Amino acid sequence: MDGNLRKLPTDGQFMNLQSSGFLQLRGPASSGDSDKLYSELRWLQWLDIDPDLSSWTTNLRLSTLLVLQLSCNRITEDWSGWTLIMAERLKVLDLACCEYLTCTPDLSVFTKLEILVLKGCQRLEQVHPSIGNVKSLVSLDLSGCGSLNELPGELGQLEELKELILDYAGITKIPTSIGSLRKLKKLSARACQSLREIPSSIGKLKKLRRLSLESCSSLEGEIPREIGNLSSLEILQLTGTPILDLPETITNLSSLKHLSLEECHKLRSLPELPSGLKVLRISSRSPMLPQGCCPMHLETLHVSWTRSSSS
């Protein structure tokens, strides 16, 4: 496709498109009676947005809009559209691969937002503290945000959050306020190579079912013993981490079914494992496996041997 914007539809064509509830818009928003044009719109995918947009001064009323997809645009946190878009009922905001974003916009106006996607925003350095005001948020995806070194403490105010995805982010720690996310079911921080430790407050996540920390190569020492309080945890993935030990409290994980410890080459031994564990995946550089790794109740034991780097 050439660099010219596609011709915008006429008002009549616009009405035909939006009557289906979905509209793909390329280039500037249509001027004129926006209340008429967008009155039934549920899902707007907006491509090729002019990041300056200096000529756009009219509010864009999207009173019925539920999904706003702005992914792969060159917009920043200073884009004038943030103050002109009026979408009080918005539930999904997709900003994936908006590579010029260094901070999320003020999210306070999106009071009913449930899903926020920031996947692949490689220059994102800050999540605006206003995220704490989005009490309805259920899913937050920050995967691939390699410049994001810190999560705001306001994250702990997201009382409805059920899914937090941090894979490949640049974070060095997870805030202690995460313990307030009492409805969180999935916490994924795969390949967060700067992540050094997990806060003890993680033990307060009584509804957490899946914890993924594989390939967190800076995660040294021990997993906090409070992990034993995660009574709903079913999947624990620690593959490729340099942890030394697992806490003895892991035996209290009554719901744990799957434990992955492959390529944990510094792991010295295992404590007694939960009686309900069905699948254990583990690897070793020694002919001898870590003590305690073969409980009788397992249905699947996957063992792999790897060569030592010195051999």
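Visitor: Is Lys91 buried, partly exposed or exposed?

Guide: Buried means under 20% relative accessible area, exposed means over 50%, and partly exposed lies in between (1.4 Å probe, protein chains only). Lys91, at 30% relative accessibility, counts as partly exposed. Please note that this is a predicted model, in which local features need pLDDT of at least 70 and side-chain atom pairs count only at pLDDT 80 or more, while totals for chains, interfaces and linings use all residues. Residues are numbered from 1 along each chain as its sequence is written, and side-chain values use heavy atoms, with hydrogens and water left out.

Visitor: With which residue does Lys91 form a salt bridge?

Guide: A salt bridge is a side-chain nitrogen of Lys or Arg within 4 Å of a carboxyl oxygen of Asp or Glu. Here the side chain of Lys91 meets that of Glu114, at 3.3 Å from N to O. Lys91 lies in the loop between β5 (85-86) and β6 (92-94), and Glu114 in the loop between β6 and β7 (115-117), so the pair ties together parts that are 23 residues apart in sequence. Strands are DSSP runs (E, at least two residues), numbered from the N terminus. Glu114 is also partly exposed, with a relative accessible area of 30%.

Visitor: How many salt bridges does the whole structure have?

Guide: The search finds 8. One of them joins Asp167 and Arg190, whose closest N and O atoms are 3.0 Å apart. Asp167 is in the loop between β9 (163-165) and β10 (186-188), and Arg190 is in the loop between β10 and β11 (210-212). Asp167 is buried at 7% relative accessible area, whereas Arg190 is partly exposed at 31%.

Visitor: Where do Arg268 and Asp245 lie?

Guide: Arg268 is in the loop between β15 (258-261) and β16 (279-284), and Asp245 is in strand β14 (residues 243-245). Their side chains meet in a salt bridge of 2.2 Å, N to O. Arg268 is exposed, at 53%, and Asp245 is buried, at 12%.

Visitor: How many residues does the largest nonpolar core have?

Guide: In soluble globular proteins, nonpolar side chains tend to be buried together. A nonpolar core is a set of buried Ala, Val, Leu, Ile, Met, Phe, Trp, Tyr and Cys residues joined through side-chain atoms within 4.5 Å. The largest one here has 82 residues, and those with the most contacts inside it include Leu70, Leu93 and Leu259. The elements giving two or more residues to this core are β1 (22-26), β2 (43-47), β15 and β16.

Visitor: Which residues does Leu70 touch?

Guide: Contact means heavy atoms within 4.5 Å. Leaving aside residues up to four places away in sequence, Leu70 touches several residues, among them Trp46, Trp79, Trp82 and Leu93.

Conventions. Helix = DSSP H or I, 4+ residues; strand = E, 2+ residues; numbered from the N terminus.
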